[in-house]
Amino acid sequence: MNTGLTRRELVALAGASLVAPSALAQTEPLLMRSIPSSGERVPAVGLGTARIFDRDDETTRGKAAAVIQALVANGGRIVDTASTYGDAELVVGVEMANAGLRDKIFIATKLESPDAAELKRSLTRLKTTKVDLLQLHNVEKRNQSLARFKEWKAQGICRYVGITSTFHRDFPAVEAVLRREKPDFVQIDYSLDVRDAEKHILPAAADVKAGVLTALPFGRGRLFSAVHGQTVPDWASGFAESWGQFFLKYLLGDPRVTAVIPGTGDPKHMIDNIGAMRGRLPDEKERAKMVSFVEAL
Ligand SMILES: NC(=O)c1ccc[n+]([C@@H]2O[C@H](COP(=O)([O-])OP(=O)(O)OC[C@H]3O[C@@H](n4cnc5c(N)ncnc54)[C@H](OP(=O)(O)O)[C@@H]3O)[C@@H](O)[C@H]2O)c1
């Protein structure tokens with residue numbers, strides 16, 4: 001997204017009303033979910049940083065500042081990044097440090113392999129000595145081990161370990177690693193129009209008591225394009241005030257989902273997404289209706 005705003009303007013925007021919690025936000029409880037392995041409660045809507053924060057320039061830093069401050073000021077906490085998202089770790093690290101937000105953020109990052117040099121680079125770029133969640137990115141083989149990640153967890157370098165993939169051909173390997181290694185988290189492609197994760201990954205996560213983060217909850221924006229020009233149907237107005245909330249609440253309607261991590265470079269969208277933590281969730285009948293609605297588009 002190109003806002004056309006300078007970094008200074010974006011930060012000013014973030015410091016003004018956009019990041020101030022609304023009266024509703026202060027009174028209405030936000031949806032929190034428990035991390036199964038620890039019972040720690042986390043806000044169920046976070047922020048993804050792929051593509052959006054991948055260039056370390058003035059404009060990107062301004063967007064990151066505005067969005068991260070909007071997330072935290074409105075009750076969010078989880079920020080998901082990766083060693084391979086261009087400069088995203090660096091951009092997030094600088095803004096967390098500048099705004100003094102490290103303690104308020106649950107930082108999740110990903111490594112391509114259990115490599116100490118890669119870990120050191122991520123910690124340096126994030127300007128932190130430990131991350132909350134360290135994930136093995138794009139698991140593709142059944143025999144991939146989390147032994148090193150678990151050692152790092154034992155050393156206090158991360159609080160939780162996880163695995164990720166958005167490649168559906170690799171889901172059998174993800175399930176095998178999930179069942180054998182029993183990580184704290186699995187991060188998987190799951191959206192209202194791509195629900196393969198419901199077949200094997202969500203049940204396996206529940207079996208081994210792993211938390212679930214849903215990557216690509218809007219299908220990289222595909223869902224917004226599908227409903228372009230339409231308003232949220234009346235039957236959904238009791239639980240969704242926007243399309244963003246409609247799509248996110250479908251995912252959060254499954255109690256096995258710990259948090260959704262939509263990507264955005266727009267603080268208004270961040271606040272809209274945070275709104276999915278307020279009000280009721282769709283029940284099973286409504287979730288089925290949401291699926292039929294999207295399938296008919
Ligand atoms: N293997 C893996 O582990 C893996 C792979 C892929 C992704 N991921 C994670 O998943 C995260 C999310 O994926 P993603 O960012 O690629 O795709 P996404 O969250 O499905 O969609 C992002 C798109 O939705 C738009 N958007 C966000 N909130 C909106 C709102 N309220 N209203 C209208 N538009 C909205 C964004 O545009 P604006 O910027 O204009 O808001 C952006 O174009 C990534 O950032 C990453 O952290 C993990």
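Predicted model: local features only at pLDDT ≥ 70, side-chain atom pairs only at ≥ 80, totals over all residues.
Student: Which residues of helix 10 and helix 12 meet, and how many of them are charged?

Tutor: From helix 10 the residues are W243, F246, Y250 and L251, and they meet R287, M290, V291 and F293 of helix 12. Sorted by class, the residues of this contact between helix 10 and helix 12 include seven that are nonpolar and none that is polar, and the number that are charged is one.

Student: What is the handedness of the crossing in which helix 3 passes helix 11?

Tutor: The axes of helix 3 (residues 58-73) and helix 11 (residues 267-274) come within 8 Å and cross at roughly 25 degrees. This angle is under 35 degrees, and the two helices, helix 3 and helix 11, are therefore roughly parallel to each other. As for the handedness, the crossing in which helix 3 passes helix 11 is right-handed.

Student: Which residues make the contact between helix 3 and helix 11, and how many of them are nonpolar?

Tutor: Helix 3 contributes A66, V67, A70 and L71, while helix 11 contributes P267, M270, I271 and I274. When the residues in the contact of helix 3 with helix 11 are sorted by class, none is polar and none is charged, and the number of nonpolar residues is eight.

Student: How do the residues in the contact of helix 4 with helix 5 divide by class?

Tutor: The axes of helix 4 (residues 88-98) and helix 5 (residues 116-126) come within 7 Å and cross at roughly 40 degrees, which makes helix 4 oblique to helix 5. In this contact, E89, L90, V92, G93 and M96 of helix 4 meet S122, R125 and L126 of helix 5. By class, the residues in the contact of helix 4 with helix 5 are four nonpolar, two polar and two charged.

Student: Which residue has a backbone oxygen that lies 2.8 Å from a polar atom of the side chain of R102?

Tutor: R102 is found in the loop between helix 4 and strand 5 (106-111), and, leaving out residues up to four places away in sequence, R102 touches M96, I107, T128, K130, V131 and D132. With T128, the side chain of R102 makes a polar contact through the side chain of T128, at 2.9 Å. The backbone oxygen that lies 2.8 Å from a polar atom of the R102 side chain belongs to K130.

Student: Which residue has a backbone N or O atom that lies 2.9 Å from an oxygen atom of the ligand?

Tutor: The ligand is surrounded by 30 residues, and the closest are D80, F218, T264, H269 and N273. A side-chain N or O atom of H137 is 3.5 Å from a nitrogen atom of the ligand, and a side-chain N or O atom of T164 is 3.0 Å from an oxygen atom of the ligand. The residue whose backbone N or O atom lies 2.9 Å from a ligand oxygen atom is G263.

How values were computed:
Residues numbered from 1 in each chain as written. Heavy atoms only, no water. Axes fitted to C-alpha atoms, helices over the stretch in contact; angles between N-to-C directions. Helix = DSSP H or I, 4+ residues; strand = E, 2+ residues; numbered from the N terminus. Parallel < 35°, antiparallel > 145°, perpendicular 65-115°, else oblique. Left-handed = near helix turned anticlockwise from the far one by under 90°. Contact = heavy atoms within 4.5 Å. Nonpolar A, V, L, I, M, F, W, Y, C, P; charged D, E, K, R; others polar. Near = heavy atom within 4 Å. Polar contact = N/O pair within 3.5 Å; in protein donor to acceptor, adjacent residues only side chain to side chain.
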